Amino acid sequence: MRESNLRSRITTSTATLPVVAILCGTIWAANLDTTPTGTGVVALVAVMTYLMVELNARHALLRVRSRMVSTMFLLVATALPWALTLTEALTATALTAMLFPLFAVYQGGRRPGLVYYMGVCLAIGSMAYPPMLLLSLPLLAAMAIFLRVLNARHFFALLFGMVTPYWIAAAWGLWQGCADAMADQWLQQWTFTAPCYDALPAPAITGAALIAGISVPAIVHTLRTAYNDKIRTRMYFYTLTVLHLTLLGALATQPQHYAMLLPLLTVTTAPLAAHHFTLSRGRSALLWFIICLTAIAAVIIGKICILHGIVR
């Protein structure tokens with residue numbers, strides 16, 4: 001029997017997403033500059049929100065009618081550091097776009113075209129953050145174990161997709177005479193150093209803590225209640241879990257790259273958190289839902305106060 005309490009009314013209401021979109025849009029508009037970069041970041045966040053709506057609609061990630069996937073994305077994105085650049089937003093958009101062919105290829109033995117598009121999306125995102133290419137390793141593992149599609153054709157399709165954007169970039173660089181500079185800049189970003197937590201700003205620490213605090217219980221809930229989902233949906237969330245844990249591990253070992261990793265983590269956190277908040281049951285679920293919403297609101301309010309000099 002479906003529960004009827006504050007949590008269920010919020011998570012299943014059709015008004016939840018529009019209300020949150022208006023609130024978050026107002027906050028973003030009031031606290032970001034009006035330069036082309038700031039406007040572009042807001043536009044890409046809006047695009048990713050729409051993509052989350054489509055992802056949930058096409059693949060039925062939740063067993064009930066709900067818009068919590070896109071709602072959670074907006075809330076978490078608003079709570080994270082606002083010093084996003086266009087390249088960081090583009091990287092997160094590329095990861096969001098990659099989820100569409102990734103889910104569509106489920107048990108598709110002869111669909112190398114979709115796998116090719118996955119590689120293209122991954123490579124486009126990696127042009128801003130080259131270590132993003134390492135996501136291909138957990139991606140291949142998920143394709144083999146959960147999605148059950150990995151074969152020689154799909155492996156080479158993914159590889160060719162990852163190479164294609166770089167071929168185009170190399171041709172453009174040779175035409176402009178800046179290929180060596182582009183290659184040097186790309187290789188420099190593969191330099192990994194010892195973790196440095198002391199230099200992290202407070203917004204990055206609170207953002208990482210918020211993502212971990214929301215996503216880890218959500219993963220535990222997903223694993224414990226996976227039998228309630230369809231097999232297809234279960235495999236989707238297992239794949240998201242693998243990608244999310246990989247990104248969390250990257251953030252723990254290379255925290256100095258938080259500016260790139262936190263937007264990527266927002267993309268994988270949203271479906272996991274939406275699944276937890278929408279489908280959990282009991283008084284403890286209601287209490288945890290209220291605690292998480294309060295924490296998100298507190299982080300947003302605190303960052304507004306810091307931005308306007310109210311507190312330091």
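How closely do the axes of helix H8 and helix H9 come, and at what angle do they cross? In this predicted model, the axes of helix H8, which spans residues 152-176, and helix H9, which spans residues 179-188, come within 7 Å and cross at roughly 135°. An angle over 145 degrees would count as roughly antiparallel, and H8 and H9 are therefore oblique to each other. On the H8 side the contact is made by Tyr166, Ala169, Trp172, Gly173 and Leu174, which meet Ala179, Met182 and Trp186 in H9. Sorted by class, the residues in this contact of H8 with H9 are seven nonpolar and one polar, with no charged residues.

A second pair to examine is formed by helix H5, residues 86-104, and helix H12, whose axes come within 9 Å and cross at roughly 30°. Because angles under 35 degrees count as roughly parallel, this crossing makes H5 roughly parallel to H12. The crossing of H5 and H12 is right-handed. From H5, the residues Thr87, Glu88, Thr91, Ala92, Leu95, Thr96 and Leu99 take part, and they meet Ala259, Met260, Pro263, Leu264, Val267 and Thr268 in H12. By class, the contact of H5 with H12 has eight nonpolar residues, four polar residues and one charged residue.

Apart from neighbours within four places in sequence, Thr93 is in contact with Leu44 and Met48. Thr93 can also be set against Met52, from which it is 41 residues apart in sequence but 10 Å apart in space, taken from C-alpha to C-alpha.

In soluble globular proteins, nonpolar side chains tend to be buried together. In this model, the largest nonpolar core has 85 residues, of which Met72, Leu102, Met143 and Leu147 touch the most other members. Helix H12, residues 258-279, gives the most to this core, with 11 residues. For Leu102, leaving out residues up to four places away in sequence, the residues touched are Met118, Leu139, Met143, Leu147, Thr239 and Leu243.

How values were computed: Residues numbered from 1 in each chain as written. Predicted model: local features only at pLDDT ≥ 70, side-chain atom pairs only at ≥ 80, totals over all residues. Heavy atoms only, no water. Core = buried A, V, L, I, M, F, W, Y, C linked by side-chain atoms within 4.5 Å. Buried < 20%, exposed > 50% of the residue type's maximum accessible area, 1.4 Å probe, protein only. Helix = DSSP H or I, 4+ residues; strand = E, 2+ residues; numbered from the N terminus. Contact = heavy atoms within 4.5 Å. Axes fitted to C-alpha atoms, helices over the stretch in contact; angles between N-to-C directions. Parallel < 35°, antiparallel > 145°, perpendicular 65-115°, else oblique. Left-handed = near helix turned anticlockwise from the far one by under 90°. Nonpolar A, V, L, I, M, F, W, Y, C, P; charged D, E, K, R; others polar.
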